[in-house]
Amino acid sequence: MQADARITALFGRTDASSPFDRIDTLRLLAEECLAGHHCFLAIARSETAIAALPLTQDAAGLRSLANWYSFTARPLCSDPAQAPALFAAIASSLSPAGAATLAPLPEAEATRLADALRQTGWIAAATPCDVNHILTVQGRSFAEYWATRPGQLRETVRRKGRKGVVDIRIATAFAAADWDAYETIYAKSWKPGEGSPRFLRRFAQAESSAGTLRLGLASIDGHPVAAQFWTVEGGTAFIHKLAHDEAAKAHSPGSLLSAALFRHVIDTDRVALVDFGTGDDPYKRDWMDGVRTRYRIEAYRPGSVRHWKHIARLTARRLLRPSAQTLVSHPVAG
């Protein structure tokens, strides 16, 4: 797919791109996290447009080419006006698989895909599966944004910062020593074990080469105690990873580092949005001002006997728990 100019343009790094929509990130996921999976792009073309959906396939059916590192896993189309027809062509081509589970999807893409599946004979339900906390900067300076944050957070950052115990540094180029420090801090944090350290390291190196890496490090007496891995792309700052050494918690190095990174991306990078990824962790509400729903599509071909129980479950869920947030599609008659 990297030899096709139209595909590389669709999945390339642009002024509006996301790390999770890029061909190089998909390749890294396939190599480091999805070894043994059949990873591919389902593609539909017209004379003037192209659409594609990154997928993997196993015995259970189709799944999004994504994992826990992915904020979104969505189809792309070079011409929004042609998206309905091209997505329907993709959905039709996937019929032999019999089943598909696609997530996490933004609402617009979940709606379009559910419609495309319905039009081509699938039974599909798009239901909320996660949330995405965001900050819409709206042209504010960091000082203006900071004035809207909870008083307790602002006071913590003021008091701990005034003591001068924690030193902050933001690196925009990859250095092995910095990444080693990040991995050491992560191992000492409350976080679960890293799923694929090699993927994350290679991803950070690639972002450094592109000039989008923002690696924040906080230290006390020369010893790293907190780290955060951000990237900046397409007018958005993406918060990928953050961790701190529990032994240094009393000095609030994580909060101080977050404040420094928010200041950097707002005042220096001039982003329009900060994206805190998936997950409804309570601390995210202190820093962000909006929440977006992420969706999962479950889709089945009605002619596949082995999926009838899943189809019955989707139909029962719709009848028992109707919801404006549940987008259920049944095949068009005929």
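Q: Is Asp221 buried or exposed?
A: Asp221 counts as exposed, because its relative accessibility is 67%. Bear in mind that this is a predicted model.

Q: Where does Asp221 lie?
A: Asp221 is in the loop between strand E8 (213-220) and strand E9 (223-233).

Q: What about its phi?
A: Asp221 is not a glycine, yet its phi is positive, about 55°.

Q: Which other residue is listed with a positive phi although it is not a glycine?
A: Ser252, with a phi of about 50°. Ser252 sits in the loop between E10 and H9.

Q: Buried or exposed, that Ser252?
A: Ser252 has a relative accessible area of 15%. The cut-off for buried is under 20%, so Ser252 is buried.

Q: Which residues does a cis peptide bond join?
A: Ala103 and Pro104, with omega at about -5°. Pro104 belongs to strand E5 (residues 99-106).

Q: Zooming out, how many helices and strands does the protein have?
A: The secondary structure comes to 11 helices and 13 strands.

Q: And how much of the protein is buried?
A: Of the 334 residues in the protein, 51% are buried.

Q: Helix packing next. What are the angle and axis distance for H3 and H4?
A: Helix H3 (residues 83-93) packs on helix H4 (residues 107-119) at an angle of about 55°, and their axes are 8 Å apart. That angle makes H3 oblique to H4. The crossing of H3 past H4 is right-handed.

Q: Which residues meet there?
A: From H3, Phe87, Ala88 and Ala91; from H4, Arg112, Ala116, Leu117 and Gln119. By class, this contact of H3 with H4 has 5 nonpolar, 1 polar and 1 charged residues.

Q: Which residues of H3 are buried?
A: Ala83, Leu86, Phe87, Ala88, Ile90 and Ala91 are buried in H3.

Q: What do those buried residues pack against?
A: The buried residues of H3 pack against H4 and also against strand E1 (38-45), strand E2 (50-58) and strand E4 (76-77).

Q: How about H6 and H9, what angle do they pack at?
A: About 100° for helix H6 (residues 151-163) and H9, with the axes 9 Å apart. So H6 is roughly perpendicular to H9.

Q: Which side chains or backbones are we talking about, by residue?
A: H6 contributes Leu153, Val157, Lys160 and Gly161, and H9 contributes Ser255, Leu256 and Ala259. The contact of H6 with H9 has 4 nonpolar, 2 polar and 1 charged residues by class.

Q: Switching to rings. How many aromatic pairs are there?
A: A search of the whole structure finds 19 aromatic pairs. One of them is Phe20 with Phe238, which is edge-to-face because the planes are at 85°, with the ring centres 5.9 Å apart.

Q: Where do Phe20 and Phe238 sit in the chain?
A: Phe20 is in the loop between helix H1 (5-10) and helix H2 (23-33), and Phe238 is in strand E10 (residues 236-244). The pair links distant parts of the chain, 218 residues apart. Both Phe20 and Phe238 are buried.

Q: And what is the geometry of Phe262 and Trp287?
A: Their planes are at 15°, so the pair is stacked, and the ring centres are 5.2 Å apart. Phe262 is in helix H9 (residues 253-268) and Trp287 in helix H10 (residues 284-287), 25 residues apart. Phe262 counts as buried at 1% relative accessibility, and Trp287 counts as buried at 5%.

Q: Which residues do ring pairs link into a cluster?
A: The cluster consists of Trp68, Tyr69, Phe174, Trp179, Tyr182, Tyr186, Phe199, Phe203 and Phe229.

Q: Last one: what does Val131 touch, leaving out residues up to four places away in sequence?
A: Val131 touches Gly277, Thr278, Gly279, Asp280, Val291, Arg292 and Arg294. Val131 itself lies in strand E6 (residues 123-136). The C-alpha atoms of Val131 and Arg292 are separated by 5.6 Å, although the two residues are 161 residues apart along the chain.

Notes
Residues numbered from 1 in each chain as written. Predicted model: local features only at pLDDT ≥ 70, side-chain atom pairs only at ≥ 80, totals over all residues. Heavy atoms only, no water. Axes fitted to C-alpha atoms, helices over the stretch in contact; angles between N-to-C directions. Helix = DSSP H or I, 4+ residues; strand = E, 2+ residues; numbered from the N terminus. Parallel < 35°, antiparallel > 145°, perpendicular 65-115°, else oblique. Left-handed = near helix turned anticlockwise from the far one by under 90°. Contact = heavy atoms within 4.5 Å. Nonpolar A, V, L, I, M, F, W, Y, C, P; charged D, E, K, R; others polar. Phe/Tyr/Trp six-rings, centres within 6.5 Å; stacked < 30°, edge-to-face > 60°. Buried < 20%, exposed > 50% of the residue type's maximum accessible area, 1.4 Å probe, protein only.
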